[in-house]
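Please consult the sequence and the structure shown here alongside the text.

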Amino acid sequence: MTLDVRLTLRTHDDALVYMTYSGRWVVPPDLRADIADPSERRHIAPARYYFRTNPLFETGAKQYAWLNDIVCVGSGYLIDGGIAYKIAQVV
């Protein structure tokens, strides 16, 4: 699957950060039924599928303005109710 995602994040101090990312999510055929099942998907180890992203951030919040100027890579993984990410800045 080719990813094309756009979302708005609200920080703990109520700042808004717009995040966009593209990437790839590859699920082996034998896992597809479990990935589609909300009660099972969170139990699948992230090492069993490939979910990689390259997020970009945009914000007008001064305390997070540094996000506007960085490049990141990340990996996604399934959790209860959605997806979480481990994101790292490329230095």
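## Burial and overall dimensions

A residue is called buried when its relative accessible area is under 20%, exposed when that value is over 50%, and partly exposed in between. By this criterion, 31% of the 91 residues of the chain count as buried. The model is predicted.

The C-alpha trace spans about 45 × 25 × 20 Å along its principal axes. The chain exposes about 6,100 Å², and 55% of that area is supplied by carbon and sulfur atoms.

## Secondary structure

The chain contains one helix and six strands. Along the sequence, these elements follow the pattern β-β-α-β-β-β-β. With regard to contacts between residues at least 6 apart in sequence, 42% join residues at least 24 apart.

Strands β5 and β6 run antiparallel and are joined by eight bridges. Together they form a hairpin with two residues between them. In the turn, Gly-81 has a positive phi of about 80°. One of the paired positions involves Val-73, whose bridge partner in β6 is Ala-88.

## The nonpolar core

In soluble globular proteins, nonpolar side chains tend to be buried together. The largest nonpolar core of this chain has 19 residues. Those touching the most other members are Trp-25, Val-27, Ile-35, Tyr-49, Phe-51, Phe-57 and Leu-67. Strands β2 (16–26) and β5 each supply at least two residues of this core, and the largest share, four residues, comes from β2.

Leu-67 touches Val-17 and Phe-57, when residues up to four places away in sequence are not counted.

## A nonpolar surface patch

Which residues form a nonpolar patch on the surface? The patch consists of Val-71, Val-73 and Val-90, which together have about 240 Å² of accessible area.

Val-71 is located in the loop between β4 (56–58) and β5 (72–79). Its relative accessibility is 52%, so Val-71 counts as exposed; the cut-off for this class is over 50%.

## Glu-40 and its loop

Glu-40 belongs to the loop between α1 (32–36) and β3 (50–53). Because its relative accessibility is 34%, Glu-40 counts as partly exposed.

How far apart are Glu-40 and Asn-68 in sequence and in space? The two residues are separated by 28 residues in sequence, and their C-alpha atoms are 36 Å apart.

Note on methods
Residues are numbered from 1 along each chain as its sequence is written. This is a predicted model: local features need pLDDT of at least 70, side-chain atom pairs count only at pLDDT 80 or more; totals for chains, interfaces and linings use all residues. Side-chain values use heavy atoms; hydrogens and water are left out. Patches are made of residues with over 30% relative accessible area and no salt bridge: like charges are joined within 9 Å, nonpolar side chains (Val, Leu, Ile, Met, Phe, Trp, Tyr) within 5 Å. Accessible areas come from the Shrake-Rupley method with a 1.4 Å probe; for residues, only the protein chains shown count as cover. A salt bridge is a side-chain nitrogen of Lys or Arg within 4 Å of a carboxyl oxygen of Asp or Glu. Buried means under 20% relative accessible area, exposed over 50%, partly exposed in between (1.4 Å probe, protein chains only). A nonpolar core is a set of buried Ala, Val, Leu, Ile, Met, Phe, Trp, Tyr and Cys residues joined through side-chain atoms within 4.5 Å. Contact means heavy atoms within 4.5 Å. Two strands pair if DSSP finds at least two bridges between them.
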